[in-house]
Amino acid sequence: MILLADVALAGALLLVMAGFVREDDVTRGHGLLPAWMIRAAGLAEPVVGAAVIAAWVVGDPGRHVWGAAAVWHTALAGYLAVLLRARGRVPCGCLDGVSPVSPLKIVIGGLWAAASAMMAAGTVSLPEDVVVRLTHLAVAGFVTLLVVVAASVSSVSPRRRIR
């Protein structure tokens with residue numbers, strides 16, 4: 001069950017990272033959200049992620065911050081689903097201005113929402129030892145890296161072979 005915490009932590013780490021590298025101009029170009037909401041999301045996203053990470057590091061169950069992360073990831077997955085349906089495979093603006101929205105990104109957002117919701121429900125007990133918690137944070141960082149690479153690779157269309 002502790003792997004569930006690693007998945008949820010990976011989602012929190014991605015929120016922090018996305019808060020610094022997201023492309024708000026791309027999101028504005030979608031024409032689906034008002035500008036004030038995009039600006040507010042850009043401020044709130046890293047705060048939610050950092051609050052989850054801080055609660056984990058100090059050993060606080062932080063159910064309210066896990067709940068906020070679950071809501072955030074649910075909203076993100078919903079937005080990506082609407083974006084894919086309304087605009088097709090356009091750049092989503094999550095981590096860069098070029099990788100398109102895809103069903104894989106929607107599924108990943110849903111998985112992070114579910115994992116965060118389970119953490120908010122207290123399904124997983126936090127490890128007592130701070131070194132163990134920090135080790136899990138490092139594992140979550142690796143998972144985050146794998147997910148970002150997988151999402152980027154999945155967005156690249158295969159080239160046709162020339163004979």
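**Surface, fold and one glycine**

The accessible surface of the protein is about 8900 Å², and carbon and sulfur atoms make up 69% of that area. The model is predicted, and the values that follow are computed from it. Of the 163 residues, 39% count as buried.

The secondary structure is helical: there are six helices and zero strands. Read from the N terminus, the order of elements is α-α-α-α-α-α.

For the overall dimensions, the C-alpha atoms fill a box of roughly 55 × 45 × 25 Å along the principal axes. The radius of gyration is 16 Å, which agrees with a compact globule, because a chain of 163 residues in that form would have a value near 15 Å. Contacts give another view of the fold. Among those with a separation of 6 or more, 74% are between residues 24 or more positions apart.

Gly42 has a relative accessible area of 16%; buried means under 20%, so Gly42 counts as buried. Leaving out residues up to four places away in sequence, Gly42 touches Gly19 and Arg22. Another distance can be followed from Gly42 to Ala54: the two are twelve residues apart in sequence, and their C-alpha atoms are 19 Å apart in space.

How values were computed
Residues are numbered from 1 along each chain as its sequence is written. This is a predicted model: local features need pLDDT of at least 70, side-chain atom pairs count only at pLDDT 80 or more; totals for chains, interfaces and linings use all residues. Side-chain values use heavy atoms; hydrogens and water are left out. Helices (H or I, at least four residues) and strands (E, at least two) are DSSP runs, numbered from the N terminus. The radius of gyration is taken over C-alpha atoms; the globule rule is 2.2 Å times the number of residues to the power 0.38. Buried means under 20% relative accessible area, exposed over 50%, partly exposed in between (1.4 Å probe, protein chains only). Contact means heavy atoms within 4.5 Å. Accessible areas come from the Shrake-Rupley method with a 1.4 Å probe; for residues, only the protein chains shown count as cover.
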